[in-house]
Amino acid sequence: RATELALHDETRRQNAMLDQIHNAMGDLLEGARKIGDELKGQNQAVADLSNRAENTKGRIDDMNTKSQLKEFRVKDKTKKDAAGGAELPVLLELKMEMCEAGCE
């Protein structure tokens, strides 16, 4: 009889632990679903942003092709600051040329 009671108590204890594990797994599953939904939304936002960036790049490329700006160089030059101390970088030098075939 004592063995039977001990076995019954052990079974109840294990069932309670299994219930806790089951509840924790349910919580994890719900969290995973929320993360999946969030990732789906973020992926869509990234795709939309990528499309907009691609369209903007295309418009910029078109404008650069049509513009008078034919050459763009980055030069590494330095100049002294007004106080004559530190050297300041001069990074950009632009060369403008008229369009040979005419600009729109």
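Helices here are DSSP runs of H or I with at least four residues, strands are runs of E with at least two, and both are numbered from the N terminus. The model is predicted, so local features need pLDDT of at least 70 and side-chain atom pairs count only at pLDDT 80 or more, while totals for chains, interfaces and linings use all residues. Residues are numbered from 1 along each chain as its sequence is written, and side-chain values use heavy atoms, with hydrogens and water left out.

**Overall surface and contacts**

Let's start with the whole protein. Buried residues make up 1% of its 104 residues, where buried means under 20% relative accessible area, exposed means over 50%, and partly exposed is in between (1.4 Å probe, protein chains only). The accessible surface comes to about 9,600 Å², and carbon and sulfur atoms hold 57% of that area. These areas come from the Shrake-Rupley method with a 1.4 Å probe; for residues, only the protein chains shown count as cover. Of the contacts with a separation of 6 or more, 37% join residues 24 or more positions apart, a contact being heavy atoms within 4.5 Å.

**Salt bridges along the helix**

A search of the whole structure turns up three salt bridges, each defined as a side-chain nitrogen of Lys or Arg within 4 Å of a carboxyl oxygen of Asp or Glu. Here they are side by side:

| Pair | N to O distance | Spacing in helix α1 |
|---|---|---|
| Arg-12 and Asp-9 | 2.6 Å | three residues apart |
| Arg-13 and Glu-10 | 2.6 Å | three residues apart |
| Asp-61 and Lys-57 | 2.8 Å | four residues apart |

Helix α1 covers residues 2-66, and the spacing of Arg-12 and Asp-9 is about one turn of it.

In the next pair, Arg-13 is partly exposed with a relative accessible area of 44%, and Glu-10 is partly exposed at 30%. Further along, Asp-61 is partly exposed too, at 34%.

**Two surface patches**

Patches are built from residues with over 30% relative accessible area and no salt bridge; like charges are joined within 9 Å, and nonpolar side chains (Val, Leu, Ile, Met, Phe, Trp, Tyr) within 5 Å. Leu-18, Ile-21, Met-25 and Leu-28 make a nonpolar surface patch of about 430 Å², and Met-25 sits in helix α1.

A patch of negative charge gathers Asp-27, Glu-30, Asp-37 and Glu-38 on the surface. Asp-37 lies in helix α1 and counts as exposed, because its relative accessibility is 56%.

Conventions
Lys, Arg positive; Asp, Glu negative; His and termini not counted. Charge placed at Lys NZ, Arg CZ, Asp CG, Glu CD.
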